[in-house]
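Subject: Structure for your review

Dear colleague,

Please find below the structure that I am handing over to you. My findings follow it, arranged by topic.

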Amino acid sequence: AAPRGPAPASAPSPAGPAALSPSPGAPAGRVRVWLLAASYGLEGMGYIIVATFLVAAVQASAGPAGGAGAGPGLSPALLLGNLVWVTVGACVIASTPVWERLRARFTLQRLLVAALTVQLGCALLPALAPGAVAGFAAAAALGATFMAIAQLSLARGRQLGARNSAAVLVTVYGLGQIAGPLVVAPLLGAGPAGYRWAFGIAAVTIAAAAALAWAEGRRR
């Protein structure tokens, strides 16, 4: 009989974070998916508070939005408000290739925790140090993270192997965006102090989101 050749080598096991993800059907896998979903929902709530009221807070720190005989376009407060959005947009554009490079070096879960931690700073700055300088620093941190957090969270959901993860994550994120302004609206009648309280609530919410994202990565 002809000699038998060596048995074909088995395919190597996939390496990297995806290979370590538990099956979504297992209890541990379901817990990790729900931890991620809870984190993303809280992120939606905290992010929208900052994004909704940061411009108004910066404008309030600059004084009245208009003056006698001055056109609206010449108002320092309105100019600062417009520059806040320019800062957010510029940082979104500048940060996108940076996050793409980081994804080649670090796991999705670690990057998500890092991005949420940076965004926590964007809520703490106007809460602790109201004014234009803190407002623009917060705008830069917001622009550098909010798109990255969305992309990282959705990618992490796919990595965990959960069916319909994108639909679940988008739904809880939307619910968080609805809840955020409703929660802080009663505080805004207190003037500038109301904005500080609103950003403080956003900071607590984003901190909880970061803690849940960290816990998801620790779950085995």
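In what follows, two residues are in contact when they have heavy atoms within 4.5 Å. Please note that this is a predicted model.

Overall architecture

The protein holds seven helices and zero strands. Read from the N terminus on, its elements therefore run α-α-α-α-α-α-α. Of the 220 residues in the protein, 40% are buried. Among contacts with a separation of 6 or more, 79% are accounted for by residues 24 or more positions apart.

Comparison with the record

An unreviewed UniProt entry places the feature "transmembrane region" at residues 33–57, 77–99, 111–129, 135–154, 166–188 and 194–215. Two of these spans were examined in the model. Residues 111–129 are 95% helix and 0% strand, and the end C-alpha atoms of that span lie 27 Å apart. For residues 194–215 the model gives 100% helix and 0% strand, with 32 Å between the end C-alpha atoms.

S153 is a residue of helix α5. This residue counts as buried because its relative accessibility is 2%, and the cut-off for that class is under 20%. The side chain of S153 has a polar atom 2.8 Å from the backbone oxygen of I149. Which residues does S153 contact, once its neighbours within four places in sequence are left aside? They are L36, Y40, L112 and L169. For one of these, Y40, the C-alpha atom is 7.0 Å from that of S153, although the two residues are 113 residues apart along the chain.

Ser39 and its surroundings

S39 belongs to helix α2, which covers residues 27–61. With a relative accessible area of 3%, S39 is likewise buried. A polar atom of the S39 side chain lies 2.7 Å from the backbone oxygen of A209. A209 is also among the residues that S39 touches when residues up to four places away in sequence are not counted; the others are L116, L212 and A213.

Ala127 and its surroundings

A127 lies in helix α4, residues 108–128. Its relative accessibility is 10%, and A127 therefore counts as buried. Not counting residues up to four places away in sequence, A127 touches R196, F199 and G200. The C-alpha atoms of A127 and A203 are separated by 8.3 Å, and these two residues are 76 residues apart along the chain.

An exposed loop residue

N164 sits in the loop between α5 and α6, the latter helix covering residues 165–184. Is N164 buried or exposed? At 61% relative accessibility, N164 counts as exposed, since the exposed class begins over 50%. The phi angle of N164 is near 60°, which is a positive value in a residue other than glycine.

Rolling a probe the size of a water molecule over the atoms shows where empty space is left. How many cavities of 30 Å³ or more are there? The count comes to one. The largest cavity holds about 50 Å³ of space. The residues that line the largest cavity are V92, S95, T96, W99, G143, A144, T145, M147, A148 and Q151. Helices α3 (76–103) and α5 (132–159) each supply at least two residues of this lining. The largest share, six residues, comes from α5. By class, the lining has five nonpolar, five polar and no charged residues.

Summary of the main points

- The protein has seven helices and zero strands.
- S153 is buried at 2% relative accessibility, and its side chain has a polar atom 2.8 Å from the backbone oxygen of I149.
- S39 is buried with a relative accessible area of 3%, and its side chain has a polar atom 2.7 Å from the backbone oxygen of A209.
- N164 is exposed at 61% relative accessibility, with phi near 60°.
- The largest cavity has a lining with no charged residues.

Yours sincerely

Note on methods. Residues are numbered from 1 along each chain as its sequence is written. This is a predicted model: local features need pLDDT of at least 70, side-chain atom pairs count only at pLDDT 80 or more; totals for chains, interfaces and linings use all residues. Side-chain values use heavy atoms; hydrogens and water are left out. On a 1 Å grid over the protein atoms alone, a cavity is a set of points where a 1.4 Å probe fits but cannot get out, and a pocket is an open set with protein on both sides within 12 Å along at least five of seven lines; lining residues have an atom within 4 Å of a point. Grid points are joined across faces, edges and corners, and a volume is the space filled by probe spheres set on the points. Helices (H or I, at least four residues) and strands (E, at least two) are DSSP runs, numbered from the N terminus. Ala, Val, Leu, Ile, Met, Phe, Trp, Tyr, Cys and Pro count as nonpolar, Asp, Glu, Lys and Arg as charged, and the others, Gly among them, as polar. UniProt positions are given in the numbering used here, feature names are shortened, and annotations may be inferred rather than shown by experiment. Buried means under 20% relative accessible area, exposed over 50%, partly exposed in between (1.4 Å probe, protein chains only). A polar contact is a pair of N or O atoms within 3.5 Å; within protein, one must be able to donate a hydrogen and the other to accept it, and residues adjacent in sequence count only if both atoms are side-chain atoms.
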